Amino acid sequence: GSYFVQSHLKCTGASAAMVSMQVPVKHRAWYSVYVLGVSQGSSDIAVNVRTGNGDKAFVLDQAQFYNTWTFVGSYIMEAETGGLVQFSVGAGQSFSLDAVWVTEHMVLDVEDDEHREFIGDWRKSTSVGFFHRNYYHDNNEDQGNKRVRFFFDLEEEGVYQIEMSSPTSGPGSRRKVFVDVKDSQSEWTKIVDQNIESTADNVFAEELGYFVLV
């Protein structure tokens, strides 16, 4: 399901300001969090997302999420507590916030044995940024012969957006990774370039596209 918390908040003044927005959810699951701003202010906004697994803090440039939904991460949220999204600015700064959007999604993690199969020898690591608990790499060996397969069941036929999240450490990463998306009737191939600059948490999400899956 999807959840909106809308408030059209505007904070400005000589003192520092903080706004907290509680996000209710109906059941425990992975949720993506997006924020929508309504001004093109020049000040940075400190954002903190609090769930039952702890806090994640980072800084957003107001100009980046003006009049557009900006992704601020994926989190496990519990039915009773949900999540808390906090925004704060320093003294003399201002910001305008329209809404927070939280949407449930399916996450297939490399630690999920029921939905993942390794072909070849893969090594577990936590040396650079990663999603959830860890990540796996091919140890720079036997390129082209190793595979990782993720498989899942769908409740209904439809158009689905698929993204891939992986660590990146810049030039040392594999430049071309071939990703195949298959269902019972069709197959698509996407080439992902992992040789990119690291983000703040050394993780990047690659949108593979929208697919009609049956």
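**Surface patch and local surroundings of selected residues**

Val159, Tyr210, Val212 and Val214 make a nonpolar surface patch of about 390 Å². Patches consist of residues with over 30% relative accessible area and no salt bridge, nonpolar side chains (Val, Leu, Ile, Met, Phe, Trp, Tyr) being joined within 5 Å and like charges within 9 Å; a salt bridge places a side-chain nitrogen of Lys or Arg within 4 Å of a carboxyl oxygen of Asp or Glu. Accessible areas come from the Shrake-Rupley method with a 1.4 Å probe, and for residues only the protein chains shown count as cover. The model is predicted: local features need pLDDT of at least 70 and side-chain atom pairs pLDDT 80 or more, whereas totals for chains, interfaces and linings use all residues. Residues are numbered from 1 along each chain as its sequence is written, and side-chain values use heavy atoms, without hydrogens and water.

Val214 lies in the segment after β16 (203-213); strands are DSSP runs (E, at least two residues) numbered from the N terminus. Val214 has a relative accessible area of 36% and is partly exposed, a class between buried (under 20%) and exposed (over 50%).

Phe71, in strand β6 (residues 69-77), is likewise partly exposed, at 42% relative accessibility. Its C-alpha atom is 4.4 Å from that of Tyr34, 37 residues apart along the chain. Beyond four places in sequence, Phe71 touches Ser32, Val33 and Tyr34, contact meaning heavy atoms within 4.5 Å.

Gln86 belongs to strand β7 (residues 83-89) and is buried because its relative accessibility is 12%.

Conventions: Helices (H or I, at least four residues) and strands (E, at least two) are DSSP runs, numbered from the N terminus. Buried means under 20% relative accessible area, exposed over 50%, partly exposed in between (1.4 Å probe, protein chains only).
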